Amino acid sequence: MVPLSFCGEEFALCQTNALYWPRERALLVADLHLEKASFYATRAGQMLPPYDSRETLERVALAIRETGARRVFTLGDNFHDSAGPDRLEPHAAGMLAALTRATDWVWITGNHDAAIPPRIDGTLATELDVGGMILRHQAQPGETRPELSGHFHPRLHLTVRERRIRRSCVVVSRNSVVEERASGRMILPAFGALTGGMDAADPAILKALQPASGIDALVQAGDKLATFPLWRAAA
């Protein structure tokens, strides 16, 4: 795990793209997109291997063991579509049931999954305020409170020695308007095993994080975080 300070709180970024919040003993994961493979198999005839949910849930279990988390907050797009829970095969369904029983599990809903069936354990919310930190699926333009979200699947695109490199990343903004309150906003990378990504410097991401004085991408580099500037306000 790599330490990450944000808005006066200490976090740690796991190798699996999960964020651990020690003060709350909470694990945060964004964009699981469970049952994405089965969605494409049934809707588009693309016969992808139907094991993405197993792999994603194994990653969640690993992050819980690594951190000792007692709580789990999912930041929306938990299932790839509203019918995803019905397509869970028995093994993955058993894994999910075990995880939601072992932790205080909170489903924050997203644009892919406006609801979670009552038969699946856990608490349901559209957004939460936890210790002054707003947890929601999609960053809201104009928000000036500390915020954690997902939705955009950010990836940093680099060219190194004529080779294109794409790495999942965290995107963090600073807000000079409320600097005295240590305000900022963070977009987590997608956690799911079968998720693509958007360029971290895409205008849609930069717009969602306004107002801001600066926006950076953070990428794990061994036991440290490397910072890559994405946007700066005009002087």
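Buried, in this talk, means under 20% relative accessible area, with exposed over 50% and partly exposed in between, using a 1.4 Å probe on protein chains only. This is a predicted model: local features need pLDDT of at least 70, side-chain atom pairs count only at pLDDT 80 or more, and totals for chains, interfaces and linings use all residues. Numbering runs from 1 along each chain as its sequence is written, and side-chain values use heavy atoms, without hydrogens or water.

Start with helix H2, residues 52-67. Helices here are DSSP runs of H or I, at least four residues; strands are E, at least two; both are numbered from the N terminus. H2 has 16 residues and spans 23 Å from first C-alpha to last, close to the expected 22 Å. That expectation is 1.5 Å times one less than the number of residues. Its buried residues include Leu57, Val60 and Ile64. Gly68 follows H2, with a positive phi near 75°.

Next, Glu9. It sits in strand E2, residues 9-13. Relative accessible area is 13%, so Glu9 counts as buried. Its side chain makes polar contacts (N or O atoms within 3.5 Å, one able to donate a hydrogen and the other to accept it; sequence-adjacent residues count only if both atoms are side-chain atoms). The partners are the side chains of Trp21, at 3.0 Å, and Arg23, at 2.7 Å.

Last, the rings. Aromatic pairs have Phe, Tyr or Trp (six-membered ring) centres within 6.5 Å; planes under 30 degrees apart are stacked, over 60 edge-to-face, the rest tilted. The whole structure holds four. Trp105 and Trp107 make a tilted one, 5.3 Å between centres and 50° between planes. Phe6, Phe11 and Trp21 are linked into a cluster by ring pairs.
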